[in-house]
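Please walk through this model with me in a viewer, one selection at a time. Keep the sequence panel open alongside.

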Amino acid sequence: MPLIPVSLPAVSLKHNNSLNTRRAAVFPLLFVAATTLALHSPATHASPQLMTEVDARAAEEVRYANFNQWLSEFRRYAANQGISEATLASAFDGLRYRERVIELDRYQPEFVRAIWQYLDSAVSTTRITNGQEKYAQHRETAQQMQQRYGVPAEIIVAIWGVESNYGSNFGDFSTLESLATLAYDGRRRDFARSELLAALRIIDQGDIAAEQMKGSWAGAMGHTQFIPSSFEAYAVDGDGDGRRDIWGSIPDVMASTANYLARAGWQAGQPWGTEVVLPTSFDYAQTGRKSSAEWAAQGVRAVNGDLPSFDSAAVIVPAGANGPAFIVGPNFRAILRYNNATSYALAVATLADAIAGREGISQAWPRDEAPLTRDDVRTLQQRLNNAGYAVGTADGIMGPNTQTGLRAFQRDQGLVPDGFATQSLLERLR
């Protein structure tokens, strides 16, 4: 019987990495097992299944060996950047390549949630109730941060709720393992490499121990889901113990959140915005900002009370002309700095309102509209391009260029140019 050839990769044992030692021992055993099976097989060739398994194991071992070589090189680079040997040892000795991180990084969900589906979850009755309880539990701390930074306590609590469900779900991935894996094999390697170095600086400064640095698979950390560079820029020691601990200290969590928003341009004493009713003659193609007085002159009015007094505000219709409308000011834009998605900012704003006992959104969402999948959006973009409405690369993302092109198409078709993509518009573009 022919032996099954298996190439043994060179495995670095530098820094006494126990993972390398374990994996170096696997290959000879795998080779012997495969050879033994082959010698005792009644067939003249090794089974395709066995060959596939051996090939897969071999590829895995090569990947791990290459990762460890990369990690050794990055370790030397980090040392040259001033990271102490003690920090490097605690961070990298035994550090693993996490295949699950790469799976999540490359996973692109086919279906995109409609904004009302996102809000149903982010501003659920349970989330509101839990937020009110957390606010009551930490009222003194939240109000201290409001006084210090000018950010309302309910906004601080709402960010906490949307980011990590009040700390119950901030992830249990090792931030170091996630970022090292992404820096080696992810889609944005330079970004992950920079964040990994920032994470090492945080450990080196004594804010958190390497083994306690936990968060999401993508490297966002703690209750506030700061990436390491945001932690360096905005995290604050709220309890005065000399450390910035967004994993275990609620004063630090709240101070860091409020500081982030204050630095993002939060204007004390102003609301985020309010729900409005638009006149039937409203020009949905408008995308610029105007003062509240200018919007009022167009017939825009608040659902409840008067329009907030904004010098620069936008009117947004996240689900098109058939859904709710809002006037949003500088503080809404500050929330967008935390996460640049309208659905996210609206979730934080309306959750904060609910925690404070204010009324929620009154106008109905167009729930009968089926959201477009990413493939649908790519098809929409291709058809807009083919029809002469240049929207750029068909990437499946409804960005500003796509919305501008869609508005132009709607206007030419005699439709309301709200830039909201629907299945019926996709059909019209055939």
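A salt bridge is taken here as a side-chain nitrogen of Lys or Arg within 4 Å of a carboxyl oxygen of Asp or Glu. The model is a predicted one.

**Stop 1: salt bridges**

Select Arg243 and Asp245. They form a salt bridge in which the closest N and O atoms are 3.9 Å apart, and the pair counts because that distance is within 4 Å. Arg243 is partly exposed, with a relative accessible area of 27%, whereas Asp245 counts as buried at 11%. By the rule given above, the count for the structure comes to 17 salt bridges.

Move on to Arg75 and Glu85. Here the closest N and O atoms of the salt bridge are 2.9 Å apart. The two residues are ten residues apart and link distant parts of the chain, with Arg75 in helix α2 (residues 48-80) and Glu85 in helix α3 (residues 85-92). Which of the two partners is buried and which is partly exposed? Arg75 is buried, with a relative accessible area of 6%, and Glu85 is partly exposed, with 49%.

Next, select Asp185 and Arg106, whose side chains meet in a salt bridge of 3.3 Å, N to O. Asp185 is buried, with a relative accessible area of 15%, while Arg106 counts as partly exposed at 49%.

**Stop 2: aromatic pairs**

The structure holds 22 aromatic pairs. Select Tyr260 and Tyr338 to see one of them. Their ring centres are 4.6 Å apart and their planes stand at 45 degrees, so the pair is tilted. Tyr260 is in helix α12 (residues 250-263) and Tyr338 in helix α14 (residues 330-338); the pair links distant parts of the chain, 78 residues apart. Tyr260 counts as buried at 9% relative accessibility, and Tyr338 is buried with a relative accessible area of 11%.

Then select Tyr389 and Phe409. What is the arrangement of these two rings? The centres are 5.8 Å apart and the planes are at 85 degrees, so the pair is edge-to-face. Tyr389 is in the loop between α16 (374-386) and α17 (400-412), and Phe409 is in helix α17, 20 residues apart from Tyr389. Tyr389 is buried, with a relative accessible area of 17%, and Phe409 counts as buried at 5%.

**Stop 3: charges over rings**

Select Arg139 and Tyr135. The charged end of Arg139 sits over the ring of Tyr135, 4.8 Å from the ring centre. Repeat with Lys290 and Trp295: Lys290 lies over the face of Trp295, at 4.8 Å from the ring centre.

**Stop 4: two backbone angles**

Go to the loop between α8 and β1 (173-174), where Asn165 is placed. Phi of Asn165 is near 50 degrees, a positive value in a residue other than glycine. Asn165 is partly exposed, with a relative accessible area of 28%.

Select Tyr166, which has its place in the loop between α8 and β1. Phi of Tyr166 is near 60 degrees, again a positive value in a residue other than glycine. Is Tyr166 buried or partly exposed? At 5% relative accessibility, Tyr166 counts as buried.

**Stop 5**

Finish at the second largest pocket, which has a volume of about 420 Å³. It is lined by 25 residues, and those closest to its centre are Trp272, Gly273, Thr274, Asp353 and Arg358. Select these five to centre the view. The elements that give two or more residues to the lining are α8 (153-164), β3 (273-277) and α15 (342-355). Colour the lining by class and the second largest pocket shows eleven nonpolar, nine polar and five charged residues.

Definitions and conventions:
Residues are numbered from 1 along each chain as its sequence is written. This is a predicted model: local features need pLDDT of at least 70, side-chain atom pairs count only at pLDDT 80 or more; totals for chains, interfaces and linings use all residues. Side-chain values use heavy atoms; hydrogens and water are left out. On a 1 Å grid over the protein atoms alone, a cavity is a set of points where a 1.4 Å probe fits but cannot get out, and a pocket is an open set with protein on both sides within 12 Å along at least five of seven lines; lining residues have an atom within 4 Å of a point. Grid points are joined across faces, edges and corners, and a volume is the space filled by probe spheres set on the points. Helices (H or I, at least four residues) and strands (E, at least two) are DSSP runs, numbered from the N terminus. Ala, Val, Leu, Ile, Met, Phe, Trp, Tyr, Cys and Pro count as nonpolar, Asp, Glu, Lys and Arg as charged, and the others, Gly among them, as polar. Rings of Phe, Tyr and Trp (its six-membered ring) pair if their centres lie within 6.5 Å; planes under 30 degrees apart count as stacked, over 60 as edge-to-face and the rest as tilted. Buried means under 20% relative accessible area, exposed over 50%, partly exposed in between (1.4 Å probe, protein chains only). A charge sits over a ring if NZ of Lys or CZ of Arg is within 6 Å of the ring centre and within 35 degrees of the ring normal.
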